[in-house]
Amino acid sequence: MKLPQAAALLVDFTRFVRRHGFAFAHEQVVMFLGAVRLLGPRDIESIRRAAHATLPPPPDRQTEFDALFHAFFFEEAALASPAQSLPEEDAPVKDRGRGQNDPPELGEANNSGKAATAKESLSLRQFDIHADDAAIGRLKKNAPATLPRRLGFRKVSDKKGQSLDLRRSMRRIVEHDGDIIRLMRARRRKLHRPVVLLIDVSGSMKAQTQDYLRYAHALTHLADKVETFTFGTRLTRITNSLQHRHPAKALECASAQVNDWDGGTRIGAALGTFIGNPRYASLLRGAVVLFLSDGLERGGHDLMREAVQRIKHRAWYLAWLTPLAADARFRPETAALKDILVHLDRLGNGSSIASLVDHTLTLGSQS
Amino acid sequence: MSEGAIASPEILAQRLERELYLSGEELSTAVFLALKLGKPLLLEGMPGVGKTEAAKALSAALGLNLIRLQCYEGIDAGHALYEWNYARQLLSLRQDSNADLYADEFLIERPLLKALKEPTRTLLLIDEIDRADHEFEAFLLEFLSDFQISIPERGTLKAASPPFVILTSNRTRDLHEALRRRCVYNWIAYPDAEREARIIMLRAPQVVESTARAVVNAVNGLRRLPLAKAPGISEAIEWASAASLLEKGTGRWPEAFRRSIGVAVKDEEDLGLVRPELDALLARACGS
């Protein structure tokens, strides 16, 4: 079916906006077309208002959206060359779940000597894989009980429940022709909050990454839902690798998957990719989010601040654990850390597995 | 007045103005589209910009009954949909063991069910959805797409005419994409100075124009400070009324504004931040 020319232009506009990182569904495009027809359209302003109502840009990105709108309808030139540097291209996502991304990036990994040396250094560090077993043991013993929980929506029958399960009691009473034999009780289920770990694997964090992965692996097998990502110059989801029972095997898999070990730092771009991907962003809802990073960003940190703010908007708890905080004289004095401090629930010590475990075990008292 | 007579966003804006609500063009367009496309309307904005007021004014302007569901953390289906009146069921069972325990008289209707059962179209306001848990949001999705409720003992209830739904959110957290994309959306921003002055005079008739303008200037100055809670439109209206009360024809406006600052800024830290700037701010506001 061929669209009328005017409608085709509007559909082109939605594609154009989408390419610039605004997300909306097919049905919203249909709604947009319906809205434009309803409004006349009398002038370009009415089309803009229809777009605002049906393809809503987040409030903090409204000016960007308007600029795109202007570019599309008033500047033909901008159309010919869609923006060259999308944030997605700055920091590509690498994820086992998505096959189409894998081949070129695997090739890249093979060609780059950097990735190879990183793998090597990691396998060297595998010698002390049992070094922090005491801390990990403490985590295993205490975490399932102390990790923060949230109330579930549904109630389950429970003899010692807080509330009366009136519905079930009523049925029981009807069965006994109106005699109250025993009242049934219920409670709302309590579920672990999801945990999202964001691990910095850039060069400045070299000494800690091994510990962090060990910790992430242990936690993955203790809590109901743990998602782990690494970031340096790009973002990689390693949740699947960490599912292996055996730590050495899991770490080996993860190290093969990540190919920006000990590289540069572009935290802002990598986090931007994370929050820009709706599939990942939805993992943050009501979650405990732990950044394991020194927060040393190269260049401007506007992207980083913006990403952290957007993450905070979805997360339930946001902590930044930095190895630098092991020093008692540590103060968040870099501009980047100062800027994001207002969004953090806690800035803590992330220098060793023991300190991570200590922090994890206090999470439960937050709720 | 009926919905059918509303042929354009401008007519809708006029209707709303008769109900003492001055809507911006963006808002009246969004409401118009939601009405005509039969979609829920999602209103977001800072606290105190008139999201709930918009729903109230709309119900009056469209002649629809307003049913309000206030959301809070931990709200569940029993508070939103329906509950059985177990005590009455028990009593009637004692009297007659063959009684129909699931008759209408034992059903306690909560807002969502009430909106469905009304014979005429209603306006359902789901207020501050961002306070509810995300499970509740997911649960709403089902309700908003089909406008029907299943009661196991009774079967499925479907609305005779689907209600016009307005959701509001203060954006303390981001809403789920799935909910967002089913709705027509409007971000209610602070109005421009001209319109805010008109709103103040419309809502508080005892306030004279020069006072309204001074308040708008002062409030806009306050909004530029990094306050935890910037004064909304409702605070501006209260401040204008309060200052008018204190001034009593003495002509000492800055003094009256200063003494009534408590109705505009309601936070000790914020007050600490405002105090050093207040005199200059008020002098500017009253002078211009």
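Tutor: Helix α1 of chain B spans residues 9-18, and its buried residues are B:Pro9, B:Leu12, B:Ala13, B:Arg15 and B:Leu16. Buried means that 20 or more other C-beta atoms, placed from the backbone, lie within 10 Å of the residue's own; exposed means 12 or fewer, and partly exposed is in between. Helices here are DSSP runs of H or I with at least four residues, strands are E runs of at least two, and both are numbered from the N terminus. The five residues B:Pro9, B:Leu12, B:Ala13, B:Arg15 and B:Leu16 cover an arc of only 160° around the axis, so they sit on the same side of α1(B). That arc is taken from the directions running from the helix axis to the C-beta atoms.

Now the cover. It includes two helices of chain B, α2 (25-37) and α3 (51-62). Contact is the criterion: C-beta atoms, placed from the backbone, within 7 Å. After α1(B) comes B:Leu20, with a positive phi near 65°.

A word on the source. This is a predicted model, in which local features need pLDDT of at least 70 and side-chain atom pairs count only at pLDDT 80 or more, while totals for chains, interfaces and linings use all residues. Residues are numbered from 1 along each chain as its sequence is written, and chains are lettered from A and ligands numbered from 1 in the order in which they are written.

For context, turn to chain A. It has 17 helices and 10 strands. Of its 367 residues, 37% count as buried.
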